[in-house]
Amino acid sequence: MKKHLTRTLPLAVLGVTVMLLGGCSKSTSSETKSDAKERVYTIGMSQCNLGEPWRVQMNEDIKAAAAKHPNLKVVFKDAQNDTLKQRAHVEEFVSSKVDLLIISPKEAQPLTEPVALALAAGVPVIVLDRALLGDKFTCFIGANNKQIGKAAGEWVVKVLVGKGNVVELMGLQTSTPGHDRHDGFMEGIAGSEIKIIFSADMKWLEPDARKEMESALARFNQIDLVYGHNDPGAHGAYLAAKAAGRTGIKFLGIDALPQEGVAYVSQGILDATFQYPTGGAEAIATALKIFNGETVPKEIVLGTRFFDKGNVAQGGLELK
Ligand code: FRU
């Protein structure tokens, strides 16, 4: 085998050299053709913040999916939870002429216009996770927050056997998932004797959730369950209850990152969590289709999984 290799190698080198030389003298038209094939596409990714593990994961998922395609270059910008900064990032991406924009917007209303302007300037836009208003974007990718909220409500009715006092710690009310997770939950508990005795906007942030929960604990002796619109929120509430020495409260969150919510369920910190996939890989797959000139759906709805202590070791349960 080795002998055979040594004998054939010089020939192979010669072959490559001939091919290269041949390539150099090829006509311009075939060069243009191969250039088009190798074209590098630049994607601008506008992330609303990287202070939350879920968003770090989204960027990682985008990076990993893009790394499989050498002709994709992704430029990331982190708006640090500042809407005006995110608006400026969108404008910068448009003026630097990116081939496509991915945005996971902080807030719906103020980011609708810059995205519409990007689209009007000819930049295809994929909106990830938090929706915008209207339809001036190319494709929206995200899980169905209303459905998750409803399933959360139905689960609460089940575990509290139709009756109990709930604290709801809501996601940022100027972002769409914060509304949808609430509306869905109300549908899920409709007709039961579940009462929301305290509700507050914790803006998706664990420290805010902890503070709000301290107020709830000070006001109410009987709290049966906390519904956090995300796992950091539910975890902040858990820490507040623990510090106050209050027991017998159940905690429910959303996100189910393996290293966060799912780990909390395994450790008995949270009673349940619903997966909220980042959509990073789907965003790259959709970008590639757009670059190939294929039409993509206006909306791609991602699935979800449910985790509690009964199913966490088996990887949770798919929600239909
Ligand atoms: C992260 C996050 C997630 C949540 C999502 C909603 O910023 O708060 O925890 O599921 O955003 O958009």
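1. A polar side-chain atom of Glu52 lies 2.4 Å from an oxygen atom of the ligand, and a polar side-chain atom of Arg55 lies 2.5 Å from a ligand oxygen. For Asn230, an N or O atom of the side chain is 3.0 Å from an oxygen atom of the ligand. Polar contacts here are pairs of N or O atoms within 3.5 Å. Taken alone, the ligand exposes 310 Å², of which the protein buries 100% (Shrake-Rupley method, 1.4 Å probe).

2. The model is predicted; local features need pLDDT of at least 70, and side-chain atom pairs count only at pLDDT 80 or more, whereas totals for chains, interfaces and linings use all residues. Residues are numbered from 1 along each chain as its sequence is written, and side-chain values use heavy atoms, without hydrogens and water.

3. The residues around the ligand (a heavy atom within 4 Å) include Trp54, Asp129, Arg181 and Tyr276. By class, this shell has four nonpolar, two polar and six charged residues, with Asp, Glu, Lys and Arg counted as charged.

4. Each of domain 1 (39–144 + 278–303) and domain 2 (145–275 + 308–318) supplies at least three residues to the shell around the ligand; the bounds come from an automatic or database domain assignment.

Technical notes
A polar contact is a pair of N or O atoms within 3.5 Å; within protein, one must be able to donate a hydrogen and the other to accept it, and residues adjacent in sequence count only if both atoms are side-chain atoms.
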